[in-house]
Structures are given as structure tokens and as C-alpha cells.
Amino acid sequence: MSEGSVAVPVSGRLPDFPWDKLTSYAEKARAHADGIVDLSIGTPVDPTPQVAVDALVAAANWPGYPTTIGLPATRQAVIDWFARVHGVTGLGLDQVLPVVGTKELIAQLALHLGVGAGDLVVFPEAAYPTYEVGAALAGATPKASDSLTALGPQRPRILWLNSPSNPTGRVLPPEHLKKVVDWCRERGVLLVSDECYLDCVWEGSAMSVLHPDISGGSADGILVVHSLSKRSNLAGYRAGFVAGDTAVVKELLAVRKNLGLIVPGPVQEVMAAVYADDAHAAEQHARYAARRTKLKAALEGAGFTVDHSEAALYLWSTRGEGCWETVAWLAERGILAAPGDFYGTAGRQHVRIAITATDERIDAAVARLA
């Protein structure tokens, strides 16, 4: 392909991939005598639960094509889990759609729903970068804002919520969630709530926007996004779902069928098995809680302030200086963290420190911070 055949490369619309900027700090951390403690990305490190492995083995013989809509058993397991664990009731099978990991759904949602030039996509001021990537990919206008009043007369096509938050770990209270639901419905704005950390709460509680106390018992105008990467250590399986407004889910299905965006059949069987099992999730929750307690105390002992962080898999931490200075300070001690400005200008004085390393590596970080 010649250079001239790509008039305006799509990559040119997108932000620079931020993780490339961490390379030199990672090298510094790896030079530590006891090796690196990588707390930058937050990838699960504990074993995939046996219930998932058994389901995958049992479903290994799958010679035909799976369907985009997904197995009824998989969607029913999601519906049952949502009601049992999070009090979300009233969903039908046509309101749940399995997705190939939630990052691809988030990145392509605006594009798949016909959002484009002249349309506004709003997301939190400190946010997972893929919300902005999705807006840019569709040619829409991205806007970071935590304030509905600051939007003035502007009417977004999509408004993203993320509670519990990545990177801050903040949980929005139910009354705030209800206010956002009502605001979006009054204006015909699609509300999309990224709830991938709803099972990772350490202090207090968190609620889905589809909980009847918030949604009024209706999914109209609402989508929620959920993932098994963190709850069930299935990041490598690329398994999640989107659920909510029947008409929007139907439209997503129609587009995704044409694009061949299908969760592999054996992975759908695994999804059904793990959503039916709460024991493994409770075990993993306890592991993360213990690591969080140790690491949070060590950071505070080393002079950090940990803001929010009542949920999710990160400690949103600051030393009252620029985030890259903190990244450098940690790298000298063999610890790699993510600079807060990866998540927007609101994070310029914070670093995001993951609690997802092994017990041994968490202990190593604690010792280095002492």
C-alpha cells in the first residue's frame, strides 16, 4: 500500500498510546537488585478459577460458528447474577449482549451507533483513555467533564459514567447516579455506565445504574458495561457484556453481526459457568483486599496521600508533586506506577498504583517503601 492511498490515517485521529512513555522508567525499575514490582497496568496475576477451566475443557469441542447474540444460557446467567448479586431485576434475554472484552466495545460503541462529526461524547475528567479514543475514532467531539451544569445547553449523544472509577477508585453515591439518569432521559442522551469494577469494592458499597432505585425499574436510555477480567481473572479470555435499553442493544447486535464481532463459543460457556459461581469471586476479593490493606498503609507511611480508592484495583496516590516526578521516585525503588496524566489533566499530581501483583511482589513494594 502506498503512502498516498491513506489520505488521512485513522491513527492520526487518536491520542498517542500513553504506555510507550513509561519505557525508560520501566527499565530503571527493572534495574533494581530485587527486580521490578510492576504496579502500572493492573493485569490479573492469580490463577484462572477452576470453575472456568473446567467449563472451558468441557466446551472444547466446538466445530461450528457461535452466534453474535450469544448462548441463551450465557445471557440468562448474566441476568441471574445481576439480580442475585446487585439487585438488578427485570432484564430480558434480548437486553444482554456478550462482547469480546469490554475495551473493544467501549472503543467502538460511538462508531457502531452512528455517532460522528458534530456530535459530543462526554466522559469523566479523570478517566479510562478509551472513552476519548472511541469518540475520536468516530470523528465525534470528546469532552471531559464531571459537571452536568458545565455542559450548558450542549446535548451529548453519549455520556459515559464510570463508577467505581478507573483510575480514582471513586464510587458515585446513588443519589448522584439517579440525578445523571434523570438528566440524560430528559434530554434524550444515551447514558453508558462502565461498571467493570462493581465487584471490587473495599469501603462502603456501589450500585449499578440499572438498580431499580436508580433507574426506576426501566433500562430506557441506559447501557451498562461489565467484564470478567477482574472479577474472575479472565482477562485473557476477553469476556464481558453490555446490557440495557432493548432498542440500543438490538442496534448494536445488528451492526456487530455484520462485523463478525462474536465471543467464541467455549468462552461463552465459561461465562455462563463463572457468572453462576460466586465463591471464586469472593476468594479473589479477599486476596485483593489483603494486598490493598498492606500497600495503602505502606504508601501512607512513605508520605503519600491516597485519595478516593474505596473501590477498583488501584490506589490513586499523590505526593503533592507532578505525577512524572512521583513515577521517577518510585522507579528508583524498583516500583513502576502509571502517571495520572494518562487519565486526563485532572490526574497531573497523582499516580495510579495497582494492587494486582502477587503477594510476594506486594510485600517487596511494602519493604521498599518502608
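**Sheet and cavities**

Leu-223 stands opposite Gly-244 in β8. This is a predicted model, in which local features need pLDDT of at least 70 and side-chain atom pairs count only at pLDDT 80 or more, while totals for chains, interfaces and linings use all residues. Residues are numbered from 1 along each chain as its sequence is written, and side-chain values use heavy atoms, with hydrogens and water left out.

**Sheet**

- The open sheet consists of 7 strands with mixed pairing, in the order β2-β8-β7-β6-β5-β3-β4, where strands are DSSP runs (E, at least two residues; helices are H or I, at least four) numbered from the N terminus, and two strands pair if DSSP finds at least two bridges between them.
- Because β2 (96-99) and β4 (141-144) each have a single partner strand, one side of each of these edge strands is left without a neighbour in the sheet.
- Strands β7 (residues 222-227) and β8 (residues 240-244) run antiparallel and are joined by 5 bridges.

**Cavities**

- There are 2 cavities of 30 Å³ or more, a cavity being a set of points on a 1 Å grid over the protein atoms alone where a 1.4 Å probe fits but cannot get out, with lining residues having an atom within 4 Å of a point.
- The largest cavity holds about 50 Å³ of space, and its lining includes Trp-81, His-226 and Ser-227.
- The second largest cavity has a volume of about 30 Å³, and α4, α5 (130-138) and β5 each supply at least two residues of its lining.

Notes
On a 1 Å grid over the protein atoms alone, a cavity is a set of points where a 1.4 Å probe fits but cannot get out, and a pocket is an open set with protein on both sides within 12 Å along at least five of seven lines; lining residues have an atom within 4 Å of a point. Grid points are joined across faces, edges and corners, and a volume is the space filled by probe spheres set on the points.
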